[in-house]
Amino acid sequence: MSLETLVDDFSLFDDWEDRYRYIIELGGNLAPLNDIEHSESFKVPGCVSQVWLVTEHQGDKLVFRGDSDAHIVRGLVAIVLDLFSDKTAADILQVDAKHAFEQLGLSEHLTPQRSNGFQAMVQRIRKDAAAALTD
């Protein structure tokens, strides 16, 4: 799903309670991770909730899968994956996640801890993309 689609979808809801439900719904659509992927080596540091992120190389693109133990955070994982997954490493490094976060209205409606977790996920993805460029 593109950022434009997410923005359009968010605009369909009149209040943030409905948007939170939609975020939770997005998280419910994530493919499950296996037990190994729920291990410490895939855990994203800096998140209050537990977040796991798996990076896979598919040709010249990076594909991300993830999960969280918290419903809203799982939805944020889904948004992050939509923003970054199935792109080349160079394209990933061009994504302005802060702008996307603001366009969706998340910056003013999430707790600082959830915002920090969102940024931690973005940093991890950018780190993986930068590493892919040097491989």
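**Entry 1. Burial and overall form**

I began with burial: 44% of the 135 residues of the protein count as buried, where buried means under 20% relative accessible area, exposed over 50% and partly exposed in between, with a 1.4 Å probe and protein chains only. I note that this is a predicted model, in which local features need pLDDT of at least 70 and side-chain atom pairs count only at pLDDT 80 or more, while totals for chains, interfaces and linings use all residues. Residues are numbered from 1 along each chain as its sequence is written, and side-chain values use heavy atoms, with hydrogens and water left out.

I then looked up the radius of gyration, which is taken over C-alpha atoms, the globule rule being 2.2 Å times the number of residues to the power 0.38. The protein has 14 Å, which agrees with the value near 14 Å for a compact globule of 135 residues. The C-alpha trace spans about 45 × 30 × 25 Å along its principal axes.

I recorded 12 positive and 23 negative side chains, with the centres of the two sets 5 Å apart. Lys and Arg count as positive and Asp and Glu as negative, without His and the chain ends; each charge is placed at NZ of Lys, CZ of Arg, CG of Asp or CD of Glu.

**Entry 2. Secondary structure and sheet**

I found seven helices and three strands in the protein, in the sequence pattern α-α-β-β-α-β-α-α-α-α. Helices (H or I, at least four residues) and strands (E, at least two) are DSSP runs, numbered from the N terminus.

The three strands form an open sheet of order 1-2-3 with antiparallel pairing. Strand 1 and strand 3 (87-88) are the edge strands, each pairing on one side only. Two strands pair if DSSP finds at least two bridges between them.

I traced eight antiparallel bridges between strand 1 (residues 51-58) and strand 2 (residues 61-68); valine 51 stands opposite serine 68. These two strands form a hairpin with two residues between them, and glycine 59 in the turn has a positive phi of about 65 degrees. Strand 2 and strand 3 pair over two bridges, also in the antiparallel sense, and lysine 61 has threonine 88 as its bridge partner in strand 3.

**Entry 3. Leucine 53**

I next examined leucine 53, which is found in strand 1. Leucine 53 counts as buried because its relative accessibility is 2%. Beyond its neighbours within four places in sequence, its contacts include Phe42, Val44, Phe64, Leu81, Met121 and Ile125; contact means heavy atoms within 4.5 Å. Arg65 is also one of the contacts of leucine 53, and the two residues, 12 apart in sequence, are 5.8 Å apart in space, C-alpha to C-alpha.

On contacts in the whole protein, I noted that 59% of those between residues at least 6 apart in sequence join residues at least 24 apart.

**Entry 4. Two loop aspartates**

I located aspartate 86 in the loop between helix 3 (71-84) and strand 3. Aspartate 86 has a positive phi of about 65 degrees although it is not a glycine. Most residues other than glycine have a negative phi. Aspartate 86 counts as partly exposed because its relative accessibility is 48%.

Aspartate 96 lies in the loop between helix 4 (89-94) and helix 5 (97-103). Its relative accessibility is 46%, so aspartate 96 counts as partly exposed. I found aspartate 96 and leucine 83 to be 13 residues apart in sequence and 9.3 Å apart in space, C-alpha to C-alpha.
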